[in-house]
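Trainee: Please take a close look at one part of this model for me, the nonpolar core and its aromatic residues. I would like one connected account.

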Amino acid sequence: MKRTRTAALALATAAAALAPVLVQQATAAEAAMYLQDPAGGEKTMKSMWTEDEMHKLEGQFRFHPGVRYKTVTRPGHAAAPDHERKVGDPRTLAWEPSYEFAWSVSDSTVVKKAVTVKEGEHPIAVHAVLRRADRSAVAEVRKELTGKPATGREKVAGGKRIACDTGEYTVEWSVTRSGYGTLHGSLRWNSSCEQYRTAFSQDHGKQR
C-alpha cells in the first residue's frame, strides 16, 4: 500500500506542475487531466447573443493532453527483491490529445435576455486545431453534431500522437450553432514531459 500511495502522490505532483489551469480526473496514476477555456468551474462558459437578443449560445472547451507510456518491471526493495513492481518507462512517454466541447443554447421568451428556455434539438459544429509556435497545424478535429439537446458535451479523439518536449502549442477552438453564431477561444499548452520523467525516475515508488 505504501508503494501505491507513493506512486500516486508522485504522479499527482507531476501533473499539478504541468499547467496553471489543470484539473485531475479518475486517479493520479492514470495522469488524467485537462486544460479549460474559459478557466473556471464546470459551468463556466463563454457566451454570445444574437443581434436581436433573442437567442444565446454558450460554449466551453477542454483540452486533454492524454499522456501515454508503457510500463517496465523493476525489482522491489532490497529487503524483498522478488516483490516486482510495474513503473512507467520514461523512454516511451508521448502525448495523445483529445478535445472536449460543451455548449448551451437558450431562447428568450417574451422579454429579451430576461426569461430564457433551453429546449429542442440543435445542430452543433465543433472544431479545434493544434498549432506549433510557427502557426503550422499539427492536428485538427472537426465534427458536425445533429439532433443534440440544448445543453450538451462531446469529447472528440484527436487520433494523433505528439512527441514530448516539442515546444509550446496553441489550441484554437470553436463551437457553432447555425443561426445563433460561433464562439471562439484558444489556450496554450507546453508539451514538456519533464515532470513525468521525474515521477518515473529509477527510485520512483521504492519503499524506504
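Mentor: W189 is buried, because its relative accessibility is 4% and the cut-off for buried is under 20%. Keep in mind that the model is predicted. Y169 is likewise at 4% relative accessibility, so Y169 counts as buried too.

By the ring-pair rule there are eight aromatic pairs. In one of them, the ring centres of Y169 and W189 lie 5.4 Å apart with the planes at 35°, so this pair is classed as tilted.

Now the core itself. The largest nonpolar core has 35 residues, and W189 is among those with the most contacts inside it, along with F61, F63, W95, Y99, F101 and L130. Elements that give two or more residues to this core include β4 (55-64), β9 (98-108), β11 (121-131), β14 (168-177), β15 (181-190) and α2 (194-199).

L130 ties several of these names together. Leaving out residues up to four places away in sequence, L130 touches F63, Y99, Y169 and W189, and its other partners include V138, I162 and V171. In general, nonpolar side chains in soluble globular proteins tend to be buried together.

Terms used. Residues numbered from 1 in each chain as written. Predicted model: local features only at pLDDT ≥ 70, side-chain atom pairs only at ≥ 80, totals over all residues. Heavy atoms only, no water. Core = buried A, V, L, I, M, F, W, Y, C linked by side-chain atoms within 4.5 Å. Buried < 20%, exposed > 50% of the residue type's maximum accessible area, 1.4 Å probe, protein only. Helix = DSSP H or I, 4+ residues; strand = E, 2+ residues; numbered from the N terminus. Contact = heavy atoms within 4.5 Å. Phe/Tyr/Trp six-rings, centres within 6.5 Å; stacked < 30°, edge-to-face > 60°.
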